[in-house]
Amino acid sequence: MTASDTHRAIDAVWRIESARIIAGLARMVHDIGLAEELAQDALVAALEQWPESGVPDNPGAWLMAIAKRRAVDRIRRQQRLEQKLEEIGHGLETEDPAPEFDAVLDAVDDEPIEDDILRLVFTACHPILSPQARAALTLRMLGGLTTEEIARAFLVSEATVAQRIVRAKRTLSEAGVPFEVPEGAERAGRLASVLEVIYLIFNEGYAATAGTEWMRLDLCQEALRLGRILAELAPEESEVHGLVALMEIQASRSRARTGPSGEPVQLLDQNRALWDRLLIRRGVEALLRAEKLGVPPGPYVLQAAIAICHAQAVTAEETDWARICALYEVLARVAPSPVVELNRAVALAMAYGPERGLELVDTLVSEPSLKDYHLLPSVRGDLLTRLGRLDEAREEFERAASLTRNAPERDLLLERAAACASG
Amino acid sequence: MRFLMMTTDDRSADNPPDEAMMAQMAEFIEEMSKSGVLLATGGLDPRATRITSSGGKITVTDGPYTEAKEVVVGFALIETRTKEEAIELSKRFWKIVGDGEGVIQQVFGPGDVPPGQ
């Protein structure tokens, strides 16, 4: 094995093991920032030693052993310092603290590492941090990504990400955020914070047009992987399965979302043969797991159910719009928002005719949060066209065109406006 | 990146898997699902049917085949960030199985450009 082969092998081991190592250490030192530093120390040791000695038989255990030793050194140093201070104060000798560390080490070996990983997820996604900071910390600690990789994925500088991570660690440490899985009333809110971060990471990758920026697609993969991990760690949470289902279904359309010259292709115009059947199947399975829990569906479960309605229609014409309407209705109650209402209006129009859709869209026209949202006039223009009110439709398409920042979309909207004018 | 890890010969004809090995394998598979890596896995019937198409003539031959390495006996479809990660997981698999042979091939997905394009 050459040195660079070894480096790549170390890199692979790190990606597989780092979350477990950081999580295990965090339970010892009660500080995820310090745990990550200790894990990094172990990685440095591997980079120094493995090119000479070769990759050990059980590389994960090797890294963990080194990191634990560093942790114990660190705690001993700290204790000696405190002891010294105490001796100065009282002039007393204290007992050898060693047995206590061994007890700590044994405890680390006893408890299942999965519990620690779940604690790590909740701590890294603590709502005390901004969503951007949570995302960076999560990718670093649970995804094993380097600062450089995170920076490339989020299209920001490495220094920005590094600073975000340092600040986030400090914030958690100063606030004394405990390394634990929240229970009781706190849990739901904290879980929402975790899911928000995973979906943010996914959308950061998904919003970019596919094909050219491979790193962004990787971000979708990272989010999916985090979601799949979480689904195994917290199988009793229906919204986790809902989010996984939603991401699996959305990811299944990656290949169909852009045309040959990179232009976006709308859902109903996509070539369904390009949808990834494996991911659709996984999405359906994830939703079934959520439904089996028998709790009222949350926003992710409902969005996933809607996505699956589309996935199960062999052609766009066969879409079960009545069911989609019903799901949007529940979603609008569970998580009301003008954007959900707009989507519901589209579904209503598809299921029961353009009048029904327009009725709802007209109630949204005065909605301040949709003032600059190009899809509102675009949807309204479409419904007016279908009702033969072409003059009004043209105005809406022109308005939509002036609001969108996406050039191919603008062209399309202006084309539709022109078509209205020529009758 | 998606990889298909296939076992073409696990010497199971000579050494049928024992309970300890099965338990270790179950644990390994569980760990792969828990780390979000495993997409699908399965075992294959060694009595494969071979189809050859040549000059417009299609020949169908039913197995079993004498050479163990001629057919795939098991597979795992995994998703990892790098090829090295797939190799590392494969090494762990073979540490459990013992002697045998297999192949790892990348499965192209969206965002992967197949070589030569």
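**View 1. Domains 2 and 3 of chain A, whose centres, taken over C-alpha atoms, are 22 Å apart.** This is a predicted model, where local features need pLDDT of at least 70, side-chain atom pairs count only at pLDDT 80 or more, and totals for chains, interfaces and linings use all residues. Residues are numbered from 1 along each chain as its sequence is written, chains are lettered from A in the order in which they are written, and side-chain values use heavy atoms, leaving out hydrogens and water. Chain A splits into domain 1 (1-111), domain 2 (113-231) and domain 3 (235-313), with bounds from an automatic or database domain assignment. Domains 2 and 3 of chain A bury about 1800 Å² between them (accessible area, 1.4 Å probe, that two parts lose on being put together, summed over both). Tyr199(A), Tyr206(A) and Ala231(A) supply 36% of what domain 2 of chain A buries here.

**View 2. A salt bridge links Arg187(A) and Glu237(A).** Their closest N and O atoms sit 2.7 Å apart. To count, a side-chain nitrogen of Lys or Arg must be within 4 Å of a carboxyl oxygen of Asp or Glu. Domains 2 and 3 of chain A share three such bridges.

View 3. You'll find seven salt bridges between the two chains; one of them joins the side chains of Glu222(A) and Arg81(B) at 2.1 Å, N to O.
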